[in-house]
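Hi,

Here is the structure I said I would pass on. Have a look at it first, and then read my notes below.

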Number of protein chains: 2
Amino acid sequence: MSNVSPLVDSLIEAFQCLPGVGPKSAQRMVLHLLERNRTGGQSLALILGQALESVDKCSNCRIFTESSTCQICLNEKRNNKQICVVESVSDVFAIEQSNQFNGHYFILHGHLSPIDDIGPDELALDKLFSRVKNEEIEEIILATNSSLEGETTSHFIFDNIKDIPELKVTKLARGVPLGGELEYVDRGTIMHAFTGRQDLRGKE
Amino acid sequence: MSNVSPLVDSLIEAFQCLPGVGPKSAQRMVLHLLERNRTGGQSLALILGQALESVDKCSNCRIFTESSTCQICLNEKRNNKQICVVESVSDVFAIEQSNQFNGHYFILHGHLSPIDDIGPDELALDKLFSRVKNEEIEEIILATNSSLEGETTSHFIFDNIKDIPELKVTKLARGVPLGGELEYVDRGTIMHAFTGRQDLRGKE
């Protein structure tokens with residue numbers, strides 16, 4: 001591209017594997033590291049190499065971890081009778097930051113999508129179903145995205161576990177988001193908010 | 001941050017050494033690489049390590065290169081009697097893309113800034129001045145940024161070489177940018193455009 005240094009050019013090229021990084025930002029990143037932060041760049045290269053080498057999916061919940069079982073699954077203070085099923089690891093990060101859930105997770109790494117050849121096997125649903133059968137699970141919380149694919153995936157999972165006696169299966173509440181102005185909330189959400197409305201008197 | 005994997009956490013941290021990358025985008029980059037592009041990530045780690053190890057400043061023009069002298073300085077088809085002085089390597093990339101200049105460069109890697117302790121030594125001006133004296137240079141093009149610091153730096157360089165006989169010293173034209181609407185161009189630029197106005201008849 002610049003015809004100045006093949007190595008600098010390939011580095012600019014390599015940075016474009018990152019999401020949202022095009023030629024211009026890649027060039028800015030490369031020059032920034034070479035010019036002002038070589039130590040930071042060195043440690044990025046080192047840690048990135050290490051992580052890609054040793055980080056894999058937890059054998060239990062499929063979150064990314066460098067151990068065979070992750071720290072959430074090993075944590076004895078967490079409730080191992082609840083499993084929250086999510087589509088991706090970033091969902092786990094978001095839920096953990098809310099401090100609202102203290103159970104275990106199961107990460108699908110995607111959703112059912114026949115057109116992309118993603119079926120139950122790709123989401124390792126066997127592993128989820130065997131956990132539900134073999135461990136003393138009391139509740140499955142289906143927390144897939146509120147999209148068509150997410151809902152379909154949740155529905156498929158529910159269909160496969162609904163016959164297990166005494167297993168509670170829930171999904172996250174749909175409704176008006178915090179700070180959301182009713183005027184700008186879409187029709188579908190308002191519909192959900194109405195059907196899921198709560199009796200204030202009952203809560204007194 | 002996520003308490004899930006120390007290695008993933010330090011990788012998210014490490015990505016924040018890049019310009020314009022905060023915790024959220026760093027997390028997105030890390031999960032993207034782990035989930036979808038491990039090969040791309042591996043080669044990024046490898047090339048980044050190599051580049052930081054072996055890319056340094058060209059002994060002649062101070063551009064980044066893995067050789068001791070860069071491909072621009074070694075290219076015999078380029079005019080070695082012209083030196084274009086710029087503040088940063090990204091300026092060289094921009095000028096090269098315009099295909100308008102076929103001479104050599106000198107990269108200052110900054111501008112004079114006494115408040116940050118950046119003087120002539122930090123910009124390696126000695127090297128520039130000795131090139132002007134010892135090589136058969138015919139023209140120095142001062143292409144620093146059109147900012148107060150850039151202009152000051154250009155002026156300082158001009159002061160030090162103006163007494164060399166038969167050396168042409170030029171600076172880039174200031175004026176209305178291509179596609180710029182006069183209504184939205186600032187006062188200073190309009191001033192420059194007027195004082196630098198060109199006689200159309202003379203060009204016939």
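**Aromatic pairs**

Searching the whole structure, which is a predicted model, turns up 2 aromatic pairs over all chains. In chain A, the ring centres of F101(A) and Y105(A) are 5.3 Å apart with the planes at 65°, so this pair is edge-to-face; the cut-off for that label is over 60 degrees. Are these two residues buried or exposed? F101(A) has a relative accessibility of 14%, so it counts as buried, and Y105(A) is buried too, at 1%. For both, the limit to keep in mind is under 20% relative accessible area.

Now for chain B: F101(B) and Y105(B) also form an edge-to-face pair, because their planes sit at 65°, with 5.3 Å between the ring centres. Both F101(B) and Y105(B) are buried.

**How the two chains are related**

What does it take to superpose chain A on chain B? A rotation of 180° does it, with 0.0 Å of shift along the axis and an RMSD of 0.1 Å. That is how a two-fold axis relates copies. If you want to find the rotation axis in the viewer, go to A45(A): its C-alpha is 2.2 Å away, the closest of the residues of chain A.

As for the interface, 100% of the interface residues of chain A are interface residues in chain B as well, so the copies meet through the same surface.

Cheers

Definitions and conventions:
Residues numbered from 1 in each chain as written. Chains lettered and ligands numbered in written order. Predicted model: local features only at pLDDT ≥ 70, side-chain atom pairs only at ≥ 80, totals over all residues. Heavy atoms only, no water. Phe/Tyr/Trp six-rings, centres within 6.5 Å; stacked < 30°, edge-to-face > 60°. Buried < 20%, exposed > 50% of the residue type's maximum accessible area, 1.4 Å probe, protein only. Least-squares fit on C-alpha atoms with pLDDT ≥ 70 in both. Contact = heavy atoms within 4.5 Å.
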